[in-house]
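Here are my notes on this two-chain model. Please read them with the structure open.

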Amino acid sequence: MSQRVLMCGNEALAEAAILAGCDAYFGYPITPQNEITAYMSRRMPEEGRVFIQSESELAAISMVFGAAATGKRAMTSSSSPGVSLMQEGISYLAGAELPAVVVNVMRGGPGLGSIAPSQSDYFQATRGGGHGDYRTIVLGPSTVQELVDYMPLAFDLADQYQMTVLVLADGILGQMMEPILFEKRPGRELPPKDWALTGAKGREQNIVRSLWLAEGKLEEQNRKLQAKYDQIQKNEVLCEEYRLEGAEIVVVAYGIAARIVRSAVSRARQEGMPVGLIRPITLWPFPTEQISRAAEQFRLFLTVEMSSGQMVEDVRLAVAGKAPVLLHGRPGGGVPTVDEILDIIKELSVSVKR
Amino acid sequence: MKTVFARTPSLKDCPTHYCPGCGHGIAHRLVAECIDELDIRERTIGIAPVGCAVLLYDYIDVDCIEVAHGRAPAVATGMKRTNPEKIIFSYQGDGDLASIGAAEILHAGHRGEQLTVIFINNAIFGMTGGQMAPTTTLGQVTATTPRGRTAAEQGYPLQVSEIMALLPGVIYVERTALDGAAGVRKTKKAIKHAFELQVEGAEGLALVEVLSPCPTYWRMPPAKATEWIKTEMTKVFPLGRLKG
């Protein structure tokens with residue numbers, strides 16, 4: 001497909017996963033991501049690949065675990081309450097060091113919440129989410145095109161580092177239709193999956209495990225995981241800077257919120273206000289260094305997110321007291337408007353001038 | 001001299017961590033013997049449960065995976081659907097399969113997954129210290145039924161095999177017991193058949209429930225434990241082929 005096609009985010013990311021060589025998709029219905037499951041139920045068999053509608057999210061992530069252990073590229077998708085159920089499996093994937101791609105099309109919470117878009121799973125996504133000391137790589141696309149572009153990256157990162165990559169979208173991105181281009185790009189060079197369970201033919205038995213009972217063994221395994229995470233923090237940060245030249249105020253936002261902020265920043269600039277945007281694309285690893293450097297240079301930070309304030313904690317850790325960090329949060333399915341953000345920027349511009 | 005019995009190659013030459021009189025060691029040997037007799041070692045993947053048999057891979061020399069409590073049938077589904085040529089078996093206890101994993105085994109059967117399930121029923125949670133399982137018999141004293149299980153308080157023992165046999169996607173269900181030499185032989189025959197069906201590509205799930213002694217948490221000597229299977233357990237869990 002070298003022509004632009006109009007697709008909603010959910011279907012677009014599903015097709016991108018297929019193009020990225022996803023061997024198996026397992027999923028359970030939940031709004032607002034049902035288009036992914038429906039699309040996969042049609043397309044995966046067409047490609048001779050595996051689709052299963054599982055009995056639960058617990059089963060879906062366990063099926064991913066099984067397929068991944070045999071060396072296949074496997075994924076699942078869900079929305080917030082379902083992703084909570086998957087945390088068991090995600091922890092086991094981390095412990096067993098298996099690659100997997102999980103898409104969370106976030107909706108409002110806590111509890112059953114609502115089906116409106118939200119960004120309130122940031123803590124869960126970036127802190128591991130389940131039990132134990134672990135991380136998942138978290139990608140936060142902000143357009144349907146980025147959803148498409150980051151799916152192959154998600155699979156490559158998962159295979160390279162043998163871990164879960166979480167694509168953190170939201171109800172707007174999932175439902176919104178945009179013209180997109182599917183471009184085949186060369187993937188990364190990946191290590192062989194010599195750990196995979198393929199039957200012990202001509203080699204010793206392979207074991208995929210997360211239980212380490214002998215004294216000191218689990219600590220050693222955890223240190224190995226942490227060393228891997230350090231490498232990722234060093235090498236894999238993605239972050240976009242927009243209109244930072246001459247800025248005094250920096251807005252930090254990701255995903256769909258960043259899309260809205262970008263419009264507000266663009267208008268504020270037209271009106272002569274000194275404002276720019278830093279948009280974390282990898283939410284873990286977080287662009288701590290980039291924001292820390294910015295804190296040396298800019299006077300005021302504003303975080304805009306569709307939650308009561310989750311990413312703002314990472315921004316504050318990065319800024320480390322060098323500048324004030326304010327929050328404009330819209331929890332429970334609230335979506336900020338461009339005007340709403342513009343008004344805040346206006347007020348802040350006045351205060352920095354003083 | 002004629003060799004009448006030898007360790008089968010897929011069973012590792014090492015002592016197990018199991019308690020004296022436990023059935024797991026015997027069941028492991030039977031599984032390993034069936035794998036070797038069917039010559040499927042090089043394409044078999046075993047799934048270890050959470051429970052006493054979590055270290056299955058220390059004893060059975062095939063590719064193995066350790067999974068979350070009860071999720072083995074879902075993990076097995078992910079493996080088999082992406083690798084139809086491989087032989088996948090799960091080895092699960094009664095806490096794993098009948099309690100926390102009830103949904104996963106039911107739905108794997110319901111979907112007719114081509115899997116071999118070895119279900120070890122010892123009527124108790126062994127690894128965590130002898131708590132009640134769904135399969136604990138009425139009157140049985142456990143760490144969490146100190147006055148004995150009653151139907152009014154904890155419900156009746158759960159007969160998973162009978163439920164599984166009702167599902168069209170389940171093609172073979174047999175209940176056997178490790179209660180003596182004859183029972184061990186019957187168990188091996190059943191396990192072998194459950195593997196053969198998968199090797200033949202038969203469309204559906206094969207399950208063998210094995211009543212197995214847990215002398216430690218039944219608080220009785222091994223000989224009495226096998227006797228208890230015969231006299232008490234089989235009353236609730238009658239032996240024989242339920243389907244296929």
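**Notes on the model**

1. Strand β9(A) and strand β2(B) pair in the parallel sense, over 2 bridges. Two strands count as paired if DSSP finds at least two bridges between them. Helices (H or I, at least four residues) and strands (E, at least two) are DSSP runs, numbered from the N terminus. Across this pairing, A:Ile207 stands opposite B:Cys64, and A:Val208 stands opposite B:Ile65.

2. On conventions: this is a predicted model, in which local features need pLDDT of at least 70 and side-chain atom pairs count only at pLDDT 80 or more, while totals for chains, interfaces and linings use all residues. Residues are numbered from 1 along each chain as its sequence is written, and chains are lettered from A and ligands numbered from 1 in the order in which they are written.

3. Which sheet does the pairing belong to? An open sheet of 8 strands, in the order β9(A)-β2(B)-β1(B)-β3(B)-β4(B)-β6(B)-β5(B)-β7(B), with mixed pairing. Its edge strands are β9 (207-208) of chain A and β7 (240-243) of chain B, each of which pairs on one side only.

4. Strand β2(B) also pairs with β1(B). Strands β1 (residues 44-48) and β2 (residues 63-66) of chain B run in the parallel sense over 4 bridges. B:Gly46 has B:Cys64 as its bridge partner, and B:Ala48 has B:Glu66.

5. Are the faces of β2(B) covered or open? Both are covered. B:Asp63 and B:Ile65 are buried on one side, B:Cys64 and B:Glu66 on the other. Here a residue is buried if 20 or more other C-beta atoms lie within 10 Å of its own, exposed if 12 or fewer, and partly exposed in between, with C-beta atoms placed from the backbone.

6. The contact between the chains takes 35 residues from chain A and 29 residues from chain B. Two residues are in contact if their C-beta atoms, placed from the backbone, lie within 7 Å. On the chain B side, the elements giving two or more residues are β1, β2, α2 (72-82) and α4 (102-111). Helix α2(B) gives the most, with 8 residues. By class, that side has 13 nonpolar, 6 polar and 10 charged residues. Ala, Val, Leu, Ile, Met, Phe, Trp, Tyr, Cys and Pro count as nonpolar, Asp, Glu, Lys and Arg as charged, and the others, Gly among them, as polar.

7. Chain B has 9 helices and 7 strands. Its C-alpha trace spans about 50 × 50 × 30 Å along its principal axes. Buried residues make up 56% of its 244 residues. Among its contacts between residues at least 6 apart in sequence, 68% join residues at least 24 apart.

8. Helix α2(A) deserves a look. Where does α2(A) bend? At A:Met40, by about 30°; the bend is the angle between axes fitted to the seven residues ending there and the seven starting there. Its buried residues are A:Glu35, A:Ile36, A:Thr37, A:Tyr39, A:Met40 and A:Met44. Their cover includes β1 (5-8), α1 (9-19), β2 (24-27), β3 (50-53), β4 (74-78) and β5 (100-106) of chain A. Just after the helix, A:Gly48 takes a positive phi of about 70°.
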